[in-house]
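Thanks for coming. I will show one structure and go through a few of its residues.

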Amino acid sequence: MTNNLLGISIDRALVSEEPIENISFTDEILENKDTVNLSFHNVEFERCRFFGCIFEKSSFRKVLFRNCDFSNCDFSDSYIRDVTFKNSKGVGAKFVKSRLINIKAEDSNFSYANLGSTKIEKSSFSSTLFTSASISEASLKSLTLTDCIFDSTDFFKTPLKGIDLSACSLENILVSENFREVEGAKMNLYQAAAIASRLGVIIV
């Protein structure tokens, strides 16, 4: 039977306006919870599932999500720093206008996630899906990307200069007509040829 330690901790924090910190949650289920302006510090989530939860304008620092599912939850306008995602699922999750610093994601799924207007810095993503995600009008700096899938990802108005995408899949990415977003990005020969063909270049 799933306990409700997480729900109780959130209710107390919302009343006291104190952060939730130095605690671990395992096998918790949280449904339709509105936790705007809540702060999580030094927290671990193990096999937790979140349904319809809103974490807008919240803060997550030194947090670990392992084997968790927060698909379709809303993290808009949040500050997320020193956070690790391992084998976790955030399909359709919203991170609009959030700031992500020193993030590590491994074997996770952010397909259809909305990271529009986000700032992502000093982060690494490996074996992680961003299929059909929106990363438009975002700021990306100092990223390490390994074996990630960005097929049909929307990068409209997001400069990719200096980002090494060569170890990732970039099938049918969405950019502006002049492909300005990919100027200065690092790609392998196959990726560069695919972009060139979309620009009408005939490779012989």
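Predicted model: local features only at pLDDT ≥ 70, side-chain atom pairs only at ≥ 80, totals over all residues.

Residues are numbered from 1 along each chain as its sequence is written, and side-chain values use heavy atoms, with hydrogens and water left out.

First, the surface. R61, K62, R81 and K122 gather there in a patch of positive charge. Patch residues have over 30% relative accessible area and no salt bridge, with like charges joined within 9 Å; a salt bridge would be a side-chain nitrogen of Lys or Arg within 4 Å of a carboxyl oxygen of Asp or Glu. R81 sits in strand β6, residues 79-86; strands are DSSP runs of E, at least two residues, and helices are runs of H or I, at least four. The relative accessible area of R81 is 31%, so R81 is partly exposed, the class between buried, under 20%, and exposed, over 50%, with a 1.4 Å probe and protein chains only.

Next, L174, in the loop between β10 (139-146) and α2 (189-198). L174 is also partly exposed, at 44%. Not counting residues up to four places away in sequence, L174 touches S152, T153, D154, F155 and F156, where contact means heavy atoms within 4.5 Å. From L174 to F150 is 24 residues in sequence and 10.0 Å in space, C-alpha to C-alpha.

Last, T35, in the loop between β2 (29-31) and β3 (39-46). Is T35 buried or exposed? T35 is buried, because its relative accessibility is 0%. Beyond its neighbours within four places in sequence, T35 contacts I10, L14, I54, F55, E56 and S58.

Terms used:
Patch = residues over 30% accessible without salt bridge, like charges linked within 9 Å, V, L, I, M, F, W, Y side chains within 5 Å. Areas by Shrake-Rupley, 256 points an atom, 1.4 Å probe, with all protein chains shown as cover. Lys, Arg positive; Asp, Glu negative; His and termini not counted. Charge placed at Lys NZ, Arg CZ, Asp CG, Glu CD.
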